[in-house]
Structures are given as C-alpha cells and as structure tokens.
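Subject: Structure handover and notes

Dear colleague,

Please find below the structure that I promised to pass on to you. Have a look at it before you read the notes that follow.

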Amino acid sequence: MDVTGTLTPAPSPTLTAADRCDRCGAQGRVRVVLSSGDLIFCAHHAKAYEDKLKSAAVEWVDETAHIEP
C-alpha cells in the first residue's frame, strides 16, 4: 500500500477590507454566524464579546491571523 501525503492549503480569508466591525467601524477580522444572521467584529471587539457570543454562534470565523504586519 502506497500512501502519499498531500498538503491542503489554508483557506483564503472570507473577510475583505470592505467588511467593517458592527461595533466601531474598524476593519472586520471575525465573522460570527448566528442563526439570526452574521455579525462582524474587529479583533478587539470580538475578544470583548467572545464569552457571550461563542456559545450562541453557529460558526466563529477568526481571521485575525491574516492581519498584515
């Protein structure tokens, strides 16, 4: 049996520079998918609301690792 490994590239970011934080208007870095709709937050506000929102989130898409230096 011959097993070959393949590398799966990291997914490209889904947020763009046009996506803005729903709280302060800064560039959005985290998309919170709720059953009632999506919220977008900057890294600061995502961290501030994480404890309250993560339990209700259908999906938590954190793209703060894609922040350019």
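Before anything else, a word on terms: helices (H or I, at least four residues) and strands (E, at least two) are DSSP runs, numbered from the N terminus, and two strands pair if DSSP finds at least two bridges between them. With that in hand, you can find the hairpin that joins β1 to β2 through two residues.

Please keep in mind that this is a predicted model, in which local features need pLDDT of at least 70 and side-chain atom pairs count only at pLDDT 80 or more, while totals for chains, interfaces and linings use all residues. Residues are numbered from 1 along each chain as its sequence is written, and side-chain values use heavy atoms, with hydrogens and water left out.

The overall fold

The protein has one helix and three strands, and from the N terminus on these elements run β-β-α-β. The three strands form an open sheet in the order β2-β1-β3, with antiparallel pairing. Its edge strands are β2 (37-41) and β3 (59-62), each of which pairs on one side only. From one strand to the next the twist averages 15 degrees, where axes are lines fitted to C-alpha atoms (for helices over the stretch in contact) and angles run from 0 to 180 degrees between N-to-C directions.

Strand β1 (residues 30-34) pairs with β3 in the antiparallel sense over four bridges, and V30 stands opposite D62 in β3. Helix α1 (residues 43-53) lies across β1, β2 and β3, and runs at about 135 degrees to β2.

Among contacts (heavy atoms within 4.5 Å) between residues at least 6 apart in sequence, 33% join residues at least 24 apart. Buried residues, meaning those under 20% relative accessible area, with exposed over 50% and partly exposed in between (1.4 Å probe, protein chains only), make up 29% of the 69 residues in the protein.

R31 is buried, with a relative accessible area of 18%. Leaving aside neighbours within four places in sequence, R31 is in contact with T14, L15, D19, D38, L39, I40, E59, W60 and V61. Although R31 and D62 are 31 residues apart along the chain, their C-alpha atoms are separated by 6.6 Å.

Charged pairs

How many salt bridges does a search of the whole structure find? It finds two, where a salt bridge is a side-chain nitrogen of Lys or Arg within 4 Å of a carboxyl oxygen of Asp or Glu. One of them links R31 with D38, the closest N and O atoms being 3.6 Å apart, and D38 counts as partly exposed at 43% relative accessibility. Another links E50 with K54, with the closest N and O atoms 3.0 Å apart; here E50 is partly exposed at 25% relative accessibility, and K54 is partly exposed with a relative accessible area of 41%.

D19, which lies in the segment before β1, is buried yet has no salt bridge, and the nearest side chain of opposite charge, that of R31, is 4.2 Å away. Not counting residues up to four places away in sequence, D19 touches T14, A26, Q27, G28, R31 and I40.

The cysteines

A disulfide is a covalent bond between the sulfur atoms of two cysteines. Here the term is applied to a pair of cysteine sulfur atoms within 2.5 Å, and the structure holds zero disulfides. C42 is in no disulfide either, as the nearest cysteine sulfur, that of C21, is 3.9 Å away. C21 counts as buried at 5% relative accessibility, and C42 is buried with a relative accessible area of 9%.

Technical notes:
Lys and Arg count as positive and Asp and Glu as negative; His and the chain ends are not counted.
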